[in-house]
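Please read the following report with the sequence and the 3D structure side by side.

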Amino acid sequence: MGAPWGDKDAARQVGKAGWGGIDLTGDGKLLYAVNLFDKKIYTIPVATSGNDLVAGTATTISFPASATSDVCTGGDWVPGAVKVRYDTVYVGVTCTGESVQGNYAHFHVYRFPVGDNAPTFTRVADFGNYYRRQESWHSWVDDVDGRNSS
């Protein structure tokens with residue numbers, strides 16, 4: 001530990017380990033969850049048995065290169081958001097720019113149909129770091145010692 005602000009190993013995993021977005025379909029029968037570590041979307045069927053909820057066997061959906069490394073400078077990306085709206089799943093991909101450093105942050109939103117385990121991702125929105133802010137943007141860094149160095 002040693003650093004006054006905490007555990008460096010844990011800090012390096014922020015945004016890269018654990019679960020990102022989690023959402024349930026309107027009928028409550030499918031749970032969608034984004035795994036930050038393996039960068040996959042998990043689809044889990046949900047049923048009721050009496051008063052209990054029962055989870056079925058999870059299936060995974062991989063993000064295609066056309067939605068990740070092909071659109072992110074340096075191939076640096078992380079998944080995160082997921083939202084189910086009616087019969088459509090929306091997922092977010094953040095381009096972090098960590099290997100190239102600089103002003104490369106972008107966020108892309110894709111959609112695909114609920115229940116499709118081999119979907120085609122369709123891009124529906126893009127957000128850059130073009131909005132005015134008080135401070136300049138810094139690309140993602142794993143070096144927690146240098147977190148505010150530039």
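## Overall fold

From the N terminus on, the elements of the protein follow the order α-β-β-β-β-β-β-β-β-β, which amounts to one helix and nine strands. Helices (H or I, at least four residues) and strands (E, at least two) are DSSP runs that are numbered from the N terminus. The model is a predicted one, in which local features need pLDDT of at least 70 and side-chain atom pairs count only at pLDDT 80 or more, whereas totals for chains, interfaces and linings use all residues. Residues are numbered from 1 along each chain as its sequence is written, and side-chain values use heavy atoms, with hydrogens and water left out.

Of the 150 residues of the protein, 31% count as buried, where buried means under 20% relative accessible area, exposed means over 50%, and partly exposed lies in between (1.4 Å probe, protein chains only). The protein exposes about 9200 Å², and carbon and sulfur atoms supply 51% of this area, as computed by the Shrake-Rupley method with a 1.4 Å probe, where for residues only the protein chains shown count as cover.

## The nonpolar core

The largest nonpolar core has 19 residues, and those with the most contacts inside it are Tyr 32, Ile 41, Phe 63, Val 89, Val 91, Phe 112 and Phe 121. Such a core is a set of buried Ala, Val, Leu, Ile, Met, Phe, Trp, Tyr and Cys residues joined through side-chain atoms within 4.5 Å. At least two residues of this core come from each of strand E2 (30-35), strand E6 (77-85), strand E7 (88-95) and strand E8 (106-113), and E7 gives the most, with four residues.

Not counting residues up to four places away in sequence, Val 91 touches several residues, among them Ile 41, Phe 63, Phe 112 and Phe 121; a contact here means heavy atoms within 4.5 Å.

## Aromatic pairs

Rings of Phe, Tyr and Trp (its six-membered ring) pair if their centres lie within 6.5 Å, and planes under 30 degrees apart count as stacked, over 60 as edge-to-face and the rest as tilted. By this rule the count comes to seven aromatic pairs. The rings of Tyr 32 and Phe 112 have their centres 6.4 Å apart and their planes at 65°, so this pair is edge-to-face. The pair links distant parts of the chain, since Tyr 32 lies in strand E2 and Phe 112 in strand E8, 80 residues apart. Both Tyr 32 and Phe 112 are buried, and they belong to one aromatic cluster together with Phe 63, Trp 77, Tyr 110 and Phe 121.

## An open sheet

Strands of a sheet pair through backbone hydrogen bonds, either parallel or antiparallel. Here, four strands form an open sheet in the order E6-E7-E8-E9, with antiparallel pairing; two strands pair if DSSP finds at least two bridges between them. E6 and strand E9 (122-128) stand at the edges with a single partner strand each, so one side of each is left without a neighbour in the sheet. E8 and E9 pair over six bridges, and Arg 111 stands opposite Thr 122 in E9.

## Two loop residues

Which residue in the loop between E2 and E3 deserves a look? Lys 39 is found there, and Lys 39 has a positive phi of about 60° although it is not a glycine. At 28% relative accessibility, Lys 39 counts as partly exposed.

Tyr 86, in the loop between E6 and E7, has a positive phi of about 55° although it is not a glycine. Tyr 86 is exposed, with a relative accessible area of 68%.
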